[in-house]
Amino acid sequence: MKHYIGLMSGTSLDAIDAALVSFPDERPVLHHAINYPLSQSLRNDILALCTPGNNEIDRMGQLDIVLGNTFAAAVKQLLADTGIDATQIHAIGSHGQTIRHRPGLEKGKRFTLQIGDPNTIAELTGITTVADFRRRDMTVGGQGAPLVPAFHAAFFSTDTQTRAILNIGGMANVTLLPTDTKTPVSGFDTGPGNILLDSWIQQQQQQQPCDHDGQWAASGTVNLHLLDTLLKDRFFQLPPPKSTGREYFNLAWLQQYLNAYKHTLTPVDVQATLSELTATSITDAIKKYAAEAIELVVCGGGVRNTDLMQRIVKKLASTTVKTSDDYGLPAEWMEAVAFAWLARETLAYRPGNLPGVTGAHHPVVLGGIFPG
Ligand SMILES: Nc1ncnc2c1ncn2[C@@H]1O[C@H](COP(=O)(O)OP(=O)(O)OP(=O)(O)O)[C@@H](O)[C@H]1O
Ligand SMILES: [Mg+2]
């Protein structure tokens, strides 16, 4: 049986996810997965490159190699944990670390950039590595994102029930899976997932990487006036296809709105408002563009934020809300498993993008292949 490894390092910068996967009977089976830590200095170097600054080419070139080494180390750790030899791995699918995503620029200048040198990964592990998944979609007019909907479509579509899949990572994205194969799958980013919740607690309580189980947000009070103002942001008004990233939704984005509330809002109430904003922007988008969904399957790290999940469930009273755990794929490993699958598709020369999702003119085989 062929094994694959999926590597994902998302916008949250929480850790590198590495998943060992196989596809017996064409279904994904997750054998083992690890969170490989990102050191604080590595995280700082990534963050520094996520916004424009000086000397970017040298800093990017070096970080590309450092990340390639770190991804290779994550693979070796995963193999050591499972006792599986590298020769038994058919391929690695490495998403890389996004440091800039600019789908909104004018035609001919749009770009997206993921780093973490795949030459280094292939050389150090000896395993064929597929990487740079997003840029081919952009060359055919797509947003280069989101890419996981093809995976959602392959494994979560049914002919009996219209389902939507919600991934709550740094950003949040929705995939709508119709019951018939003639209707195209649609999907888009709804806006922030965990990013604002993580960023605000990290700024206010330096030791906290995230609002654990959403307890801090749950103890605050939503400021309806601020909520209303934030919801008027232009990204939420845009129709799909659309995608976004850290370069748009970040602390500076929040701060421009918070300035008006300097002396009237406590940090905990800001957190409560951000949780409500995240839940509302997600559920408004589902009601507007995925209203046919009878069931919503949620995945991504945000599933573990109890406060956020409760707000989402409450707003979608007529939809059955489940998590991917209910279907045997743990919520936090979905993206890594998806990139293992996308590598498999690329090696079979099958397209991995969905034009109805990214806005591409046609399906394309994604990524580059770096032989092991
Ligand atoms: N117990 C928890 N309580 C609250 N939040 C949690 C918990 N566990 C995970 N999270 C959230 O999930 C985030 C990580 O989610 P995930 O790895 O899916 O995001 P990501 O790396 O940004 O991925 P991507 O952007 O590619 O979807 C953490 O940063 C945190 O905000
Ligand atoms: Mg992550």
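Which domains does the shell around ligand 1 draw at least three residues from? I took this up first, working from a predicted model. The shell draws at least three residues from domain 1 (3-145 + 334-370) and at least three from domain 2 (148-327).

**Ligand shell.** I listed 23 residues around ligand 1. Gly10, Ser12, Gly169, Gly170 and Gly301 come nearest to the ligand. I then sorted the shell by class and got 13 polar, seven charged and three nonpolar residues.

**Domains.** I noted the bounds from the domain assignment: domain 1 is made of two segments, 3-145 and 334-370, and domain 2 runs over 148-327. The C-alpha centres of the two domains are 23 Å apart. For the contact between them I have 26 residues on domain 1 and 30 residues on domain 2.

**Domain 1 side of the contact.** I looked up which elements supply this side, and β4 (89-102), α13 (334-347) and α14 (355-358) each give at least two residues. The largest share belongs to α13, with five residues. By class, I recorded 12 polar, 10 nonpolar and four charged residues on the side of domain 1 that touches domain 2.

**Helix α13.** Is α13 largely enclosed or exposed? I found 13 of its 14 residues buried, so α13 is largely enclosed by the rest of the structure. Just after α13, I noted that Tyr349 has a positive phi of about 60 degrees.

Technical notes. Residues are numbered from 1 along each chain as its sequence is written. Chains are lettered from A and ligands numbered from 1 in the order in which they are written. This is a predicted model: local features need pLDDT of at least 70, side-chain atom pairs count only at pLDDT 80 or more; totals for chains, interfaces and linings use all residues. A residue is near a molecule or strand if its C-beta atom, placed from the backbone, lies within 6 Å of it. Ala, Val, Leu, Ile, Met, Phe, Trp, Tyr, Cys and Pro count as nonpolar, Asp, Glu, Lys and Arg as charged, and the others, Gly among them, as polar. Domain bounds come from an automatic or database domain assignment. Two residues are in contact if their C-beta atoms, placed from the backbone, lie within 7 Å. Helices (H or I, at least four residues) and strands (E, at least two) are DSSP runs, numbered from the N terminus. A residue is buried if 20 or more other C-beta atoms lie within 10 Å of its own, exposed if 12 or fewer, and partly exposed in between; C-beta atoms are placed from the backbone.
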